[in-house]
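Subject: Model handover

Hello,

Here is the model for your files. Please look it over before reading my notes.

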Amino acid sequence: MFSTAYRGQGMLRHNKSLWRRMFISCLLIAGLAPAYAADAPVSDSVDDLDPGYIPSQENPVIRTMPSADPLAQSPSDPAAGATAVPAAAAVKHSREMIARELPAGISPHYLNELATLYAVRNNAPMWPDREAVRHFQQQIAEVSLSGVQPQFLAWTQWLTRPDVSAMGRDIILSDAMMGYLQFVTGVGQRGEQWLYGDRSYKLSSPPVIDIQRWQQAVDGGNLAAFIRLLEPQHPQYAKMHQALKTMLTDITPWPQLNGKESLRPGQLSDDIPALREILKRSGMLNGQTPTPLPTADSVPADPRTPPPVTESQQSVMVGPAADSLTPSASTADPVVVATVDVQDKVYTAELVEAVKRFQTWQGLGADGIIGRQTRNWLNVPPQTRVTLLALNIQRLRLLNNQGNTGILVNIPNYSLVYYHEGNEILSSKVIVGRPSRKTPLMRSALSNVVLNPPWNVPTSLVRNDIVPKAMRDPSYLVRNDFTVLSGWSNDAQVIDPYSINWNMVSPAHFPYRLRQAPGPKSALGRYKFNMPSSDAIYLHDTPNHNLFNNDMRALSSGCVRVNKAADLANMLLQDAGWGNARISGVLKEGNTTFVPIRHRIPVNLFYLTAWVADDGKPQFRTDIYNYDSTVKKGAEGLPQAQRLLQ
């Protein structure tokens, strides 16, 4: 008797839940109930929807959520004929409820969608799970700090307003979920524009299928698990998330080094007290763990509110290259200036070693000399580093973490790592494109290795680099083993460079092709690693390995020069069945030889300026392409984000 009644109640609950999802689907697919427009005003935000939005076909939510689709139920299902309150009246009632529950100044971006969703639920809350709320608020706080879309800043501000009721907070969370679903499902296809541009992307409605799955999670009591699936599915995420929260606890004003000249070991400087505090709070003195040092005099009135980040501090992190980072000394923040003993102004050996650790932490040469680059990084406060971690957390969504074999090139870190079956087998310095000729973000796979490669010089390089030199001195082409060809066809004729009337050509009008012969002068060195690329980008060797000693190695015209190209080539060639003797013989003969790759080896050229190293310390790199500019907007929401991340 009891079991029969229990089964009947379960079927009733199942049918109600199923009807909800089917009704939501129909309304959303039909254009969010246009018939309701006569009964209620349309949100202004609808005009901002992006009609060209295409949801990602590889979003982790769709791959990992259950495959059951409520729209696939049989028409004979009893729930298919369920009826309810007239839709127009229900949606109108929900609009009135939303307007009543939200304080002045708060207007949901997705008002039409929310009215429909709440109408289906008889205006019941969607966020009763406190654990789900906590995780979701932390995720949207991270997006807010990244600065990629200002609406996330608005959502974090609304959620921290004391005059918002419990139901009002439920509505704001649902509004934010709509925007977050669009971000998570769209970033896979549009991430390069959304996460590496200087303009915010447009908000639009997320895919209907993901709204359905959100509602299914609410109905099934699985909202916390669903939200977990929305965070970046990468091992770095948990580490970066924790590092971000730790840095937010350092809320005391950050000292500034005001000196302009390089500081060398043993010298005196008024900046030494500030330097010592910076190194101590950064965890660099004696290699200890970074610890915030709040004091009774320096903590703001509201301990949850960090001090503002000045414009000069922000600009350090988002310049296009290290040699252009020239922030002025900060006058807004307190500086450690006091009457101290002369010995307290000495740049001691202890401080030098700490600065070397700091330089290594930032990817700089560890020489202990505090020049402009090191000083700029020392002046960066934790709050700015927090926004950089937040932006790079979102960039994790673009990294493929499913393969165990592949080549990863982190552009701003000037590094290449080759993984084979999950193990790192090669790590190498690289040279990447300079800011005017950026190395693109791309995913591809190696197709072949070329020994003794010739270099067919791209037209842009011919015009911008080589022709101006040849016009001044035609022997430049001969000295550097360049051949002038009549065109790009296979039967192109060789042209004597001395027969060209150089007064009749110009860089913009040079009707010839240039090819550099293999050999010690070849710009490609002895090895080239081909991969399909619409930008003609590849990995290659170089004859000038001295450049790998530079800290800043954004020097190429876009392709990636590999310091350990010979080691990489040997690994790939041996996998293809080549022995050392055969490799040496071909190199000695000088003949161009193409060797196909036997197994697929993915290549990922990506761009991370912040991550957490194996020792647990967050790493930061100079933003050589000025892709981090959005963090200036994200810094505006630090106080609210800090509260949500507690």
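My notes on the model follow.

**Ground rules**

This is a predicted model, where local features need pLDDT of at least 70, side-chain atom pairs count only at pLDDT 80 or more, and totals for chains, interfaces and linings use all residues. Residues are numbered from 1 along each chain as its sequence is written, and side-chain values use heavy atoms, with hydrogens and water left out.

**The chain overall**

The chain has 21 helices and 17 strands. Both are DSSP runs numbered from the N terminus: helices are H or I with at least four residues, strands are E with at least two. Of the 646 residues, 52% are buried. Buried means under 20% relative accessible area, exposed means over 50%, and partly exposed lies in between (1.4 Å probe, protein chains only). The accessible surface is about 29300 Å². Carbon and sulfur atoms account for 52% of that surface. Areas come from the Shrake-Rupley method with a 1.4 Å probe; for residues, only the protein chains shown count as cover.

Contacts here mean heavy atoms within 4.5 Å. Take the contacts between residues at least 6 apart in sequence: 76% of them join residues at least 24 apart.

Two packed helices are described by the angle between their axes and the distance between the axes. Axes are lines fitted to C-alpha atoms, for helices over the stretch in contact, and angles run from 0 to 180 degrees between N-to-C directions. Angles under 35 degrees count as roughly parallel, over 145 as roughly antiparallel, 65 to 115 as roughly perpendicular, and the rest as oblique.

Start with α5 (residues 130-146) and α7 (residues 166-194). Their axes come within 11 Å and cross at roughly 55°. The pair is therefore oblique. α5 passes α7 in a left-handed crossing: left-handed is when the near helix is turned anticlockwise from the far one by less than a right angle, right-handed when clockwise. On the α5 side the contact uses V133, F136, Q137, Q139, I140 and V143. On the α7 side it uses R169, L173, A176, M177, Y180 and F183. By class, this contact has nine nonpolar, two polar and one charged residues. Ala, Val, Leu, Ile, Met, Phe, Trp, Tyr, Cys and Pro count as nonpolar; Asp, Glu, Lys and Arg as charged; the others, Gly among them, as polar.

Next, α6 (residues 150-159) against α7. The angle is about 160°, with the axes 10 Å apart. These two helices are therefore roughly antiparallel. Their crossing is left-handed. From α6 come F152, W155, W158 and L159. From α7 come R169, I172, L173, D175, A176, G179, Y180 and F183.

**A buried helix**

Helix α4 (residues 111-120) has 10 of its 10 residues buried, so it is largely enclosed by the rest of the structure. Among the buried residues are N112, E113 and T116. Just after α4, N122 takes a positive phi of about 55°.

**Other positive phi values**

Most residues other than glycine have a negative phi, and most peptide bonds are trans. Y414 has a positive phi near 50°. Y414 sits in the loop between β1 (406-410) and β2 (415-420). At 5% relative accessibility, Y414 is buried. D481 has a positive phi near 65°. The loop between α17 (475-479) and β7 (482-485) holds D481. D481 is partly exposed, at 30% relative accessible area.

**Single sites**

H540 lies in strand β11 (residues 539-540). Its relative accessibility is 6%, so H540 counts as buried. Leaving out residues up to four places away in sequence, H540 touches A523, L524, Y527, K528, F529, C559, V560, R561 and V562.

G365 is in the loop between α13 (349-361) and α14 (372-378). G365 is partly exposed, with 25% relative accessible area. G365 and M552 are 187 residues apart in sequence, yet 9.4 Å apart in space, C-alpha to C-alpha. With residues up to four places away again left out, G365 touches Q359 and D551.

K280 is in helix α11 (residues 272-281). K280 is partly exposed, at 42%. K280 and L351 are 71 residues apart in sequence and 9.9 Å apart in space, C-alpha to C-alpha.

Best wishes
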